[in-house]
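Trainee: I would like to know where the words in a structure description come from. Can we go through some of them?

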Amino acid sequence: MALLVIEKGNNLDIGKQFNLQGNIVIIGRAAADNNPEIAIHDDYISRRHAEISYQQDGFMLRDLGSKNGTALDGQRLIAEQLYKLKNDAIVGLGITPIGTRVNLRFKQSSTTATIRVNIVDESPFCNWLVINEDRKEVWVDGKSITLAKKEFSILLLLYKRYGKICSRDDIIANVWPETRDPGAVSDASIDQLIYRLRGKIELDTSKPSRLLSKKGFGLILS
């Protein structure tokens with residue numbers, strides 16, 4: 001199968017994933033009277049900005065004469081020409097002097113079928129956070145952040161269980177897998193880890209709204 005993952009752009013879009021399993025997929029600006037298969041909430045994106053088609057050589061990208069252009073791995077495309085997509089390629093939409101407004105990562109497995117396109121994990125998917133587990137990369141509100149190993153581990157656990165409470169035992173098992181005695185990990189160690197992580201992901205650390213503590217139960221990502 002093949003996927004497009006929105007890694008940079010409007011908070012309404014970040015984190016959305018789309019199965020690319022169709023003959024032609026249009027990417028365009030979201031509007032009440034415009035309904036492309038992949039709708040992007042950004043005024044820099046044209047109504048019919050780009051398309052992805054499946055051909056004998058694989059998935060191909062084409063800019064449809066968009067106003068602000070399309071890039072593939074940082075290189076601007078010539079309108080109406082076809083460019084082959086490779087696994088982990090970055091499709092950039094809306095080119096500005098400081099970079100593209102929207103980035104979508106193309107992911108493809110070795111077994112691709114050709115059926116229709118549909119959205120995967122849109123809601124209640126965490127729309128402010130994107131994690132690439134293989135590359136150990138994290139984006140918050142479209143910006144890359146750097147995490148220590150245990151910060152990454154706890155955030156990844158909460159991300160995979162988004163909207164569900166993770167208990168103290170869940171956290172210890174995933175963040176401190178080397179310990180044989182869960183009691184050896186103090187509450188203070190967990191609290192310090194949470195404090196540091198909130199400093200990197202919260203909009204206001206004095207009023208956490210993303211990483212929440214449920215007294216007596218555990219943590220939940222919101």
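Mentor: Start with one residue in this predicted model. Ala30 touches Ala39, Ile40 and His41, leaving aside residues up to four places away in sequence. Ala30 sits in the loop between strand 3 (24-29) and strand 4 (38-40).

Trainee: What makes Ala30 count as partly exposed?

Mentor: Its relative accessibility is 22%. Buried means under 20% and exposed means over 50%, so at 22% Ala30 counts as partly exposed.

Trainee: Why are helix 1 and helix 3 called roughly perpendicular?

Mentor: Helix 1 (residues 149-160) and helix 3 (residues 187-201) pack at an angle of about 80 degrees, and their axes are 10 Å apart. Angles from 65 to 115 degrees count as roughly perpendicular, and therefore this pair does. Helix 1 brings Lys150, Glu151, Ile154 and Leu155 to the contact, while helix 3 brings Leu193, Ile194, Arg196, Leu197, Lys200 and Ile201.

Trainee: What kinds of residue make up the contact of helix 1 with helix 3?

Mentor: Six are nonpolar, four are charged and none is polar.

Trainee: Which residues of helix 2 are buried, and how do you know that they line one face of the helix?

Mentor: In helix 2 (residues 168-175), the buried residues are Ile171, Ile172 and Val175. Viewed down the axis of helix 2, the buried residues fall within an arc of 95 degrees, so they line one face. An α-helix has 3.6 residues a turn, so residues three or four places apart point the same way.

Trainee: What do the buried residues of helix 2 pack against?

Mentor: They pack against helix 1, helix 3 and strand 17 (218-221).

How values were computed
Residues are numbered from 1 along each chain as its sequence is written. This is a predicted model: local features need pLDDT of at least 70, side-chain atom pairs count only at pLDDT 80 or more; totals for chains, interfaces and linings use all residues. Side-chain values use heavy atoms; hydrogens and water are left out. Axes are lines fitted to C-alpha atoms, for helices over the stretch in contact, and angles run from 0 to 180 degrees between N-to-C directions. Helices (H or I, at least four residues) and strands (E, at least two) are DSSP runs, numbered from the N terminus. Angles under 35 degrees count as roughly parallel, over 145 as roughly antiparallel, 65 to 115 as roughly perpendicular and the rest as oblique. Contact means heavy atoms within 4.5 Å. Ala, Val, Leu, Ile, Met, Phe, Trp, Tyr, Cys and Pro count as nonpolar, Asp, Glu, Lys and Arg as charged, and the others, Gly among them, as polar. Buried means under 20% relative accessible area, exposed over 50%, partly exposed in between (1.4 Å probe, protein chains only). The arc is that of the directions from the helix axis to the C-beta atoms.
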